[in-house]
Amino acid sequence: MKKIALCLFAFVWVAALSAQVFTRFNVPVTSGGVELLNPWAGGLNAPQWSAVDLDGDGKLDLYAFDRNGNIHLTFLNTGGFGETRYEFAPQFAANFPYCRNFVLLRDYNKDGAMDLFAHAGNEGLPAIKVYKGSFENGQLVFERIGFPQWTFDVIPVPAGGGFSNLPINPPDYPAIDDMDDDGDLDILALSSSGSKMNYYQNMATEMGYTDDTLIYKLTDDCWGKFYILPFAESLTLSPDPAECVFNFQNPEPDDVRTGGIHGGATLCTFDEDNDGARELLYGDLIYPHIIKGKNSGSPTAAWMNSQDSTFPSYDVPVEIFDFPASYYLDMDNDGIKDLITSPNKKDGSFDSRVVWFYKNVQSNEFPVFELQQQKLIVGGMLDFGTGAQPAFIDYNADGLMDIVVGNINRWLPNFQNDPFLVLLKNVGTETEPAYEVVDENWLNFKQFASVSFGFAPTFGDLDNDGDLDLLVGERFGSLFFAENIAGPGNPVSFGPIQAQWKGINVGQYSTPHIHDMNGDGLPDLIIGERIGNINYLPNQGTPEAPAFHPNPDEAPNNRFFGKINTQAPGYVTGYSAPVIIGCGGQKLLATGSEEGKIKLYEVNSDSLDGGGFTLLHNGFAGFAEGEIIRPAFASLNGDDLLDMVVGNYRGGLGMYSSPITDGCLVSAKENRPVLEAAIFPNPAGDALHIRLGEMTAATASFRIFNAIGQLVSNGQFQGQSTSVDLSRLGSGIYLIELRAGGARSVQRFVKK
């Protein structure tokens, strides 16, 4: 049966919450007639790639660290010779430590397990932290390593008679490679001024240690002898292999010295001509191309004396707006390393064609790269650019829950906007859902691209006509509205879309949800927003004509609903995205957040206008989707657990089975007696008959809730039986709550 989250009442309560987790729920998805390999992997925006053996089978799998959300993504290599087939395997990502800015996997100690080098920005240091990898129970795990000669557990270098951290600018992506061919790993990084390359040589071999030791020293502060001018689209090369292009004899020109610090760089090294001296692939924060510097020096004395500023100019040059990065690894299982390029900027850059695959068509000794495609890996995902906000609705009235997704934006040249709604049709069954992307510009919301973006859809019966209307939040805090004129039980049919509906504006990135919060039979609004609070706007109208006071700061509205704030410590934004879970007198509120947690609150019905709600859970185990997450709940496979689809800032979706139970059952902490009651027929036509068992003479009451938890009918009756008129209700699944003499019963029925 289709069931939706907003109809749940039971929950394994506070004491058991910490033991419960979200688990991945795999549902097939097709797009354009092709089944997506990794539909629920969550999308990609700024992935950094490394080859890695995740499960200890000796075959190199694939790892990505996406700067958008600081998220680890792991993929098992299931391809054969010449194939690029990587299947999403999130169970391995749970073993990776929290990281920010960059991650490189390299086997520095040559034990067959990749080690992890990452920026220490989350610890407040512009430095590199290192984790040693090993295999436990068939999975790669990590342990932080220390550096006893330095105060912090980051890579140190000699400085001023002591030590300092090896500095890495937060935007940059360094190169970690054996630059001098002595068997250990060296580090190449942009200088603090952003104008030259610092070469940090691993001195382990030179000092008589084994090559699995990390002892670094700055041995060249102008590696390659070139210079990077601010806003330049090429390198300034030196004519002298022994001198930096600018030195004491040839100082920087005045316009260079005053040009400011360079913005950022990505580095990748490889040997193009088998001479042992590694070439450099350089990506710049403000330049869409990759620059290849040709190294005509030696492994110990690099000298770039020629360049290709639109590499590979012999094929299709890289053109990624902005901040391209390069990765050298074998992607197609032929034993020859290929080239991958992706953006390294977390937002405001390419967010769809983010994995350019250049196949090496020659050899590792003399590589030649030819572009194969620009959406490798990400082409097998549901990815809508930047940001994703899902909502459930049975749009075609077939009894199965479909999904509508709004995105924040998708990159287009010349700073144009590309926001839209996408419709995913459920083409499965009541117990085995499956989705098909059937409309990538549903209801033509692209028509508003010139004035708005950041679309956040939700559905509810705002005019009491038995069908679900559409409400969409947007970047500037107002709402779009479209009335469903189809009537009960029919596929949706929306009237004209109204912008800035009823003058409501909550600030920025409004994320609305429709629910009768105060139990007066009128659908109210709760609206999340960018700063992390939640706005409550009670309905002041009638069942057929909703009315709301547009100013969230004025009564009867409450701008700080439940005193909820989803800001993480140190943040000034929170991106709340509320959903009400509940029916009857008790409700739960789940909200997404900028930091990537699902926060769960128990709603206090006596505190709607100013009191606080009880925080039941501040984030569930087994759940990691990145930042700015936005959830929607439904039970998709007929069991008693709600499933969740969640959007994230990378523009993709994750699918989970949640630890939350559906069915409007009595909470385990209640001692309310169960009311004996029978309802028939089921499925019902235009009338539902109720018969109660032995009871007191107390008046009995009933309330009927639709598939998204809205109250659609209620009443009272005396005696042991009555009939309820269902003629106004559309086809679908409903829940009826019966109360009498302190006893309660909740049952599900189908309206034909």
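Student: What share of the contacts between residues at least 6 apart in sequence join residues at least 24 apart?
Tutor: This is a predicted model, where local features need pLDDT of at least 70, side-chain atom pairs count only at pLDDT 80 or more, and totals for chains, interfaces and linings use all residues. Residues are numbered from 1 along each chain as its sequence is written, and side-chain values use heavy atoms, with hydrogens and water left out. A contact means heavy atoms within 4.5 Å. For the chain, the share asked for is 53%.

Student: Which residue forms a salt bridge with R24?
Tutor: A salt bridge puts a side-chain nitrogen of Lys or Arg within 4 Å of a carboxyl oxygen of Asp or Glu. Here the closest N and O atoms are 3.0 Å apart, and the two partners sit 601 residues apart. R24 counts as partly exposed because its relative accessibility is 29%. Its partner, buried at 1% relative accessibility, is E625.

Student: Is E737 buried or exposed?
Tutor: The side chain of E737 meets that of R739 in a salt bridge, 3.0 Å from N to O. R739 has 23% relative accessibility, so R739 counts as partly exposed. E737 has a relative accessible area of 4%, which means E737 is buried.

Terms used:
Helices (H or I, at least four residues) and strands (E, at least two) are DSSP runs, numbered from the N terminus. Buried means under 20% relative accessible area, exposed over 50%, partly exposed in between (1.4 Å probe, protein chains only).
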